[in-house]
Amino acid sequence: MDFLKDYMVFAVVGICLCVGYIIKNLIGKDSFDRFIPLVVGMLGAGLNIWINMELSAEVILAGMVSGLASTGLYEAFHQFIKK
């Protein structure tokens, strides 16, 4: 899993983190929470395609990894604040 850090695009992580946070706090239904990784993963892929102006498997992977990393970052931040 260490090789995935090479695919991180920090602008995409930041945008997806903000969008995921807004969805989590705006909708706030536990039944919708399971779709947040799907939303930020697809958003990350779309953003990275737009940033790179290229459609390739590597660009899609980097976007999805960055989007999904934002969910992990949110959880780590949330746990840090709770303690």
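In helix 1, the buried residues are V12, V13, C16, G20 and I23. The model is a predicted one: local features need pLDDT of at least 70, side-chain atom pairs count only at pLDDT 80 or more, and totals for chains, interfaces and linings use all residues. Residues are numbered from 1 along each chain as its sequence is written, and side-chain values use heavy atoms, with hydrogens and water left out.

**Exercise 1. Determine on which side of helix 1 the buried residues lie, and what they pack against.**

Step 1. Buried means under 20% relative accessible area, exposed over 50%, and partly exposed in between (1.4 Å probe, protein chains only). V12, V13, C16, G20 and I23 of helix 1 are buried. They cover an arc of only 95 degrees around the axis, so they sit on the same side of helix 1. The arc is that of the directions from the helix axis to the C-beta atoms.

Step 2. On the other side of helix 1, F10 and L26 are exposed.

Step 3. The buried residues of helix 1 pack against helix 2 (30-33), helix 3 (36-52) and helix 4 (57-82). Contact here means heavy atoms within 4.5 Å.

**Exercise 2. Check the length of helix 1 and say what follows the helix.**

Step 1. Helices (H or I, at least four residues) and strands (E, at least two) are DSSP runs, numbered from the N terminus. Helix 1 has 18 residues (residues 10-27).

Step 2. The expected span is 1.5 Å times one less than the number of residues.

Step 3. After helix 1 comes G28, whose phi is positive, near 60 degrees.

**Exercise 3. Describe the fold and overall size of the protein chain.**

Step 1. The protein chain has four helices and zero strands, in the pattern α-α-α-α along the sequence.

Step 2. A compact globule of 83 residues would have a radius of gyration near 12 Å; the protein chain has 13 Å, which agrees. The radius is taken over C-alpha atoms, and the globule rule is 2.2 Å times the number of residues to the power 0.38.

Step 3. Along the principal axes, the C-alpha atoms fill a box of roughly 40 × 25 × 20 Å. Of the 83 residues, 25% count as buried.

Step 4. Among contacts with a separation of 6 or more, 63% join residues 24 or more positions apart.

**Exercise 4. Classify the aromatic pair of F32 and F35.**

Step 1. Rings of Phe, Tyr and Trp (its six-membered ring) pair if their centres lie within 6.5 Å; planes under 30 degrees apart count as stacked, over 60 as edge-to-face and the rest as tilted.

Step 2. The structure holds two aromatic pairs. One of them joins F32 and F35, at 5.9 Å centre to centre and 45 degrees between the planes, and is tilted.

Step 3. F32 is partly exposed at 29% relative accessible area, and F35 is partly exposed at 33%.
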